[in-house]
Amino acid sequence: WGLIQQSPPRSRGTIRTGINMIDAAEHLNYLQDFKILYVEDDEDIIYQTHRYLSRYCPNILIAHNGQEGLDMFRRETPDIIVSDIRMPIMDGLTMAKEIRQENVSVPIIMLTAYDQSDYLMQSINIGIDGYITKPVDGVSFLSTLLRCTYRLKIERELQQALEKTKKRETEIKKQREELAFIIEGSQIGTWNWDIANDDFFFNDQWALMLGYQPEELRVHIPT
């Protein structure tokens, strides 16, 4: 037991994920961009699972117990963790609990030969993203991985969008500061009105030309 069971392929190359039907040919490419940490103590199962996963993900790290997996997680920062539960030295749930104290978002999938409620409840309390019993159905395993990678992809895109927006805001702020410096230091009356952002800049000379003290005019025209 414990080996991957090859399920018959679904029609039109699709995989049911529990969220929607997604095209496998397109979305399996997501796995190419992620690093998976696989934790298992049985060499036969490691061989079979690695052989299966390597068809979709070229970057797979192998650990043989929970302690080794925890050390590798800290050293290699994988994107997804797949682990057995019952292992020597440190079991998978203990490893997952330690990881959750350091990282609350990295997806963790548990594979176990035991369909017991106490393991399931511990997994829920720790915050496990997937719980699959052995022998593992290939399609179920892959669909669980795809749910995780799809979530990671969306998170990456959101982070990139936020960084792009923050960079643009920093550039606009710098441009405004440079413009204000130029206007304030000018020896002639100068003003600028940024209609889009409702910002109005003027220097002291411009206020004096209108017959106002600069401080007096700034009360009526906030800059």
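This is a predicted model: local features need pLDDT of at least 70, side-chain atom pairs count only at pLDDT 80 or more; totals for chains, interfaces and linings use all residues.
Stop 1: Select the strands E3 to E7. These five strands form an open sheet, and their order is E4-E3-E5-E6-E7. The pairing is parallel. Now find the edges. They are strand E4, residues 60–63, and strand E7, residues 130–133. Each of these edge strands pairs on one side only. Look along the sheet next. On average, neighbouring strands are turned by 15° against each other, direction ignored.

Stop 2: Select residues 80–84, strand E5, and residues 108–112, strand E6. How many bridges join E5 and E6? There are four, in the parallel sense. Then pick serine 83: methionine 110 in E6 stands opposite.

**Stop 3: helices across the strands.** Show helix H2, residues 43–53. H2 lies across E4 and strand E3 (36–39), and runs at about 170° to E4. Next show helix H4, residues 92–102. H4 lies across E3, E5 and E6, at about 175° to E6.

Stop 4: The crossing is right-handed.

Which residues make the contact? On H3, select Gly66, Gly69, Leu70, Phe73 and Arg74. On H4, select Met95, Glu98, Ile99 and Glu102. Colour these residues by type: four are nonpolar, two polar and three charged.

Terms used:
Residues are numbered from 1 along each chain as its sequence is written. Side-chain values use heavy atoms; hydrogens and water are left out. Two strands pair if DSSP finds at least two bridges between them. Helices (H or I, at least four residues) and strands (E, at least two) are DSSP runs, numbered from the N terminus. Axes are lines fitted to C-alpha atoms, for helices over the stretch in contact, and angles run from 0 to 180 degrees between N-to-C directions. Contact means heavy atoms within 4.5 Å. A crossing is left-handed if the near helix is turned anticlockwise from the far one by less than a right angle, and right-handed if clockwise. Ala, Val, Leu, Ile, Met, Phe, Trp, Tyr, Cys and Pro count as nonpolar, Asp, Glu, Lys and Arg as charged, and the others, Gly among them, as polar.
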